[in-house]
Amino acid sequence: MADLDGDATTACSSCPVGTYSDRGSTLCIDCAAGRVDADSNASTPCIACVAGEYSSARTTQCVACAAGRIDDDSDPATACVSCDAGQYSAAHETSCVDCVAGWADLDRDASTECTLCDVGGYAGVGGTSCDACVAGKVDLDSDAATSCDCLLYTSPSPRDATLSR
């Protein structure tokens, strides 16, 4: 409640939700961006949103950053930003995570987890595709996190080939 008209002979007025006022105040103060009126009670101070959340001014709830978006500056007054293709983040996060080698962001959607590449393929860190081994190279270790190896034919028979890295 606040004495909004400054007249001591009239009753104090209720402050709207998303604002607060101190005892004896003559005005209702908006909760700033990044702070909320969580209990919808104007006599209690606004509280800050935590990292991974944001809010606009004069609101009652913090909003979690959605999957694929992050609170990169840990400032609850600013909106969440999108992760790049080849990255992933769950909801409520403050940083994006690159897809690790052997995994790729096949749908280029940072809100979905990276996908493991099949044997015979390769993806580098932050990859957006699983690349098949090119002609002349094979996936000898069946590990999509390592690049394909080249076989050199040093004899007339492919079965006697030697590995070159």
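The model is predicted. In the Cys-99 and Cys-114 link, the sulfur atoms lie 2.0 Å apart. Cys-99 sits in the loop between β10 (97–98) and β11 (103–104), while Cys-114 sits in the loop between β11 and β12 (115–116), so the pair ties together parts that are 15 residues apart in sequence. Cys-99 is buried at 1% relative accessibility, and Cys-114 is buried at 16%.

The structure holds seven disulfides. Three of them, including the one just described, are set out below.

| Disulfide | Sulfur to sulfur distance |
|---|---|
| Cys-15 and Cys-28 | 2.1 Å |
| Cys-65 and Cys-80 | 1.9 Å |
| Cys-99 and Cys-114 | 2.0 Å |

For Cys-15 and Cys-28, the torsion about the S-S bond is about -80°, so the disulfide is left-handed. This pair links distant parts of the chain, with Cys-15 in the segment before β1 and Cys-28 in the loop between β1 and β2, 13 residues apart. Cys-15 has a relative accessible area of 13% and is buried, because buried means under 20%.

The link of Cys-65 and Cys-80 is left-handed, with -75° about the S-S bond. Distant parts of the chain are linked here too: Cys-65 is in the loop between β6 and β7 (69–70), and Cys-80 is in the loop between β7 and β8 (81–82), 15 residues apart. Cys-65 is buried at 0% relative accessibility, and Cys-80 is buried at 6%.

Side chains of opposite charge can pair when their charged atoms come close. The structure holds one salt bridge. Asp-30 forms this contact with Arg-58, and the closest N and O atoms are 3.7 Å apart. Asp-30 is partly exposed, with a relative accessibility of 41%. Arg-58 is also partly exposed, at 41%.

Another arginine, Arg-23, lies in the loop between β1 (19–20) and β2 (29–30). Arg-23 has a relative accessible area of 88% and counts as exposed, because exposed means over 50%. From C-alpha to C-alpha, Arg-23 and Thr-44 are 10.0 Å apart in space, and they are 21 residues apart in sequence.

Terms used:
Residues numbered from 1 in each chain as written. Predicted model: local features only at pLDDT ≥ 70, side-chain atom pairs only at ≥ 80, totals over all residues. Heavy atoms only, no water. Helix = DSSP H or I, 4+ residues; strand = E, 2+ residues; numbered from the N terminus. Buried < 20%, exposed > 50% of the residue type's maximum accessible area, 1.4 Å probe, protein only. Salt bridge = Lys/Arg side-chain N within 4 Å of Asp/Glu carboxyl O. Disulfide = S-S within 2.5 Å.
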